[in-house]
Amino acid sequence: MRPDTILIFDFGSQYSHLIARRVRENKVYSEILPYDATVEDIINLSERLNIKGLILSGGPLSVYREDSPKIDKRILELGLPVLGICYGHQLLAYMYGGVVKPAERGEYGITYVNIVKPVGVLEGLNSRERVWMSHSDAVYTLPEEFEVLAYTDNCPVAAFRHKNKSIFGVQWHPEVIHTENGMLLLRNFIFKVCSCQQNWELGDFIKRAIDYVKDVVGDGKAVIALSGGVDSTVATVIAMKAIGKRLTAVFVDHGFLRDGDLEFVKEFFGRMDINLVIVDAKERFFNRLKGIVDPEVKRRVIGEEFIRVFEEVAERVGAEYLIQGTIYPDRIESGFRRLSDRIKSHHNVAGIPSRIKFKAIVEPLADLYKDEVREVAKRLGLPDEVVHKQPFPGPGLAVRIIGGVTPEKVEIVRKADKIVREEVERAGLHKSLWQYFAVLTNTLSTGVKGDARAYGYVVAVRIVESKDAMTANFARIPYELLEKIATRIVNEIPEVVRVVYDITNKPPSTIEWE
């Protein structure tokens, strides 16, 4: 059976894949296409997918620029319902003859939109809605066959529809959690406008992922980059089911691990029937990072050194393929797609050197978000200690130290991180939080310890709530807990004299500091 499908045309938005995931949350399949996909591409996809509608994503460029990405207008003549979001909203208006130009004032973050006609995708919305915006251009006039559905104080056409066709545009981002009724808007499009049926399940993914690994690796051998986190663990289980004993899991101790990480991997994976290799590479990683302060360079250096370690192990065991637990946020922030901006290079994406000895790098989870990976982990029968393990960057504590990395600084941030984790978990808050950790800043501050002047480091505590890591809110932690964390850090770590709490959301910040 061909699943009902919504196609997302990608114009370089940081949230294109988030749109696709929101569709899949409703048990409707979705796929992302590049903006320059052709009518012929859609016809070919129709052989295996029942295409019911199109969504045009946001993007960083301006539609009136000559070099800006455009969709083939023949696609808009296929008779499929269309929803444009942000750039896609502007592009539809522009391509049909409307006026798009720089707004008098951009709108970034939370904005309130006035709904004048709650019809179509806006059915059921209130007359005033709290939404999330990120744009500097705006639609100012529409052609005669369109009508305005919503506006803001700075955006005269915040939503529109075609009077006779199922074509809609919204300037805000319904896919992000900060838009209160964003899911209602998307469901209106998926079910009321496109008439989709809920005939797709995430459980289908596991079989496809196993088949994918089998197809790529064939009769060969592979090593898998194992960190002990949920992503690499799920990837490892899938790879084991695909190629069995031809898989070797490689855990690299680069010296930037949290307290207890190495012990966890030894204990947990020691219970599994798997070829496990643990590499002590602390000295080589510290040597490579000497004198490096730029976070992008740090990530690239660490990514390259990881690959070299994996190559060495692969040569010893006769493996020709590298499997990684890369997930979609890793790729999107690394700017892997045309038009999308690089937010930060993830060690396992942009940190991979151009010349490697592997035949291929296999990434069975590359199209999933973290919460989808956790759902797959549950379906695979993995324990809660893995399913709910908080994310930890591959470069580890090296990117939780602002500036140069030394063994002494790593030990400071490791102790601070342990205190944060202990107190949050002791308070029973850990299951409701996305991440909670400490950052060693490069700021020194004056303090008083033992009636004497002290001059030492400032540690920042970062605790956030999120669903998918693409957006996040700082957690409103009780002051008593924050005080307990701060008191322990300055008392137990002599080099630290001050603790601050990061109350910045993502965006504009990222979750990690580097």
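A residue is called buried here when its relative accessible area is under 20%, exposed when that area is over 50%, and partly exposed when it falls in between. The views described below are all taken from a predicted model.

**View 1. Helix α1 and its covered residues.**
Helix α1, which spans residues 16-25, is mostly covered, since nine of its ten residues are buried. The buried residues of α1 are S16, H17, L18, I19, A20, R21, R22, V23 and R24. Just beyond the end of α1, K27 takes a positive phi of about 60 degrees.

Side chains of opposite charge can pair when their charged atoms come close. In this view the side chains of R21 and E25 meet in a salt bridge, with a distance of 2.7 Å from N to O. Both residues, R21 and E25, belong to helix α1 and sit four residues apart, which is about one turn of the helix. Are the two partners buried or partly exposed? R21 has a relative accessibility of 1%, and because the limit for a buried residue is under 20%, R21 counts as buried. E25, by contrast, has a relative accessible area of 30% and is therefore partly exposed.

**View 2. Helices α13 and α14 side by side.**
Helix α13 covers residues 407-426 and helix α14 covers residues 479-492, and their axes come within 10 Å of each other while crossing at roughly 150 degrees. Because angles over 145 degrees count as roughly antiparallel, α13 and α14 are described as roughly antiparallel to each other. The crossing in which α13 passes α14 is right-handed.

The side chains of R488 and E422 meet in a salt bridge, at 3.0 Å from N to O. R488 lies in helix α14 and E422 in helix α13, so this pair ties together parts that are 66 residues apart in sequence. R488 is buried, with a relative accessible area of 18%, whereas E422, at 25%, is partly exposed.

D259 counts as partly exposed at 35% relative accessibility, and K418 counts as partly exposed at 33%.

**View 3. A network of salt bridges.**
How many salt bridges does a search of the whole structure find? The search finds 42. Some charged residues are linked in a network of salt bridges, made up of R284, R288, E304, E305, R308, E311 and E312.

**View 4. Helix α6 and two helices that it crosses.**
Helix α5 (residues 204-217) and helix α6 (residues 230-243) pack at an angle of about 60 degrees, and their axes are 9 Å apart. That angle makes α5 oblique to α6, and the crossing of these two helices is right-handed. Helix α6 also meets helix α11 (residues 370-379), where the two axes come within 10 Å and cross at roughly 45 degrees. This makes α6 oblique to α11 as well, but here α6 passes α11 in a left-handed crossing.

V116, V148 and Y151 together make a nonpolar surface patch of about 230 Å². One of these residues, Y151, is found in strand β7, which spans residues 146-151.

**View 5. Residue E514 and its distance from P60.**
E514 lies in the segment after β18 (496-501). Its relative accessibility is 8%, so E514 counts as buried. The C-alpha atoms of E514 and P60 are separated by 22 Å, although the two residues are 454 residues apart along the chain.

Notes. Residues are numbered from 1 along each chain as its sequence is written. This is a predicted model: local features need pLDDT of at least 70, side-chain atom pairs count only at pLDDT 80 or more; totals for chains, interfaces and linings use all residues. Side-chain values use heavy atoms; hydrogens and water are left out. Patches are made of residues with over 30% relative accessible area and no salt bridge: like charges are joined within 9 Å, nonpolar side chains (Val, Leu, Ile, Met, Phe, Trp, Tyr) within 5 Å. Accessible areas come from the Shrake-Rupley method with a 1.4 Å probe; for residues, only the protein chains shown count as cover. A salt bridge is a side-chain nitrogen of Lys or Arg within 4 Å of a carboxyl oxygen of Asp or Glu. Axes are lines fitted to C-alpha atoms, for helices over the stretch in contact, and angles run from 0 to 180 degrees between N-to-C directions. Angles under 35 degrees count as roughly parallel, over 145 as roughly antiparallel, 65 to 115 as roughly perpendicular and the rest as oblique. A crossing is left-handed if the near helix is turned anticlockwise from the far one by less than a right angle, and right-handed if clockwise. Buried means under 20% relative accessible area, exposed over 50%, partly exposed in between (1.4 Å probe, protein chains only).
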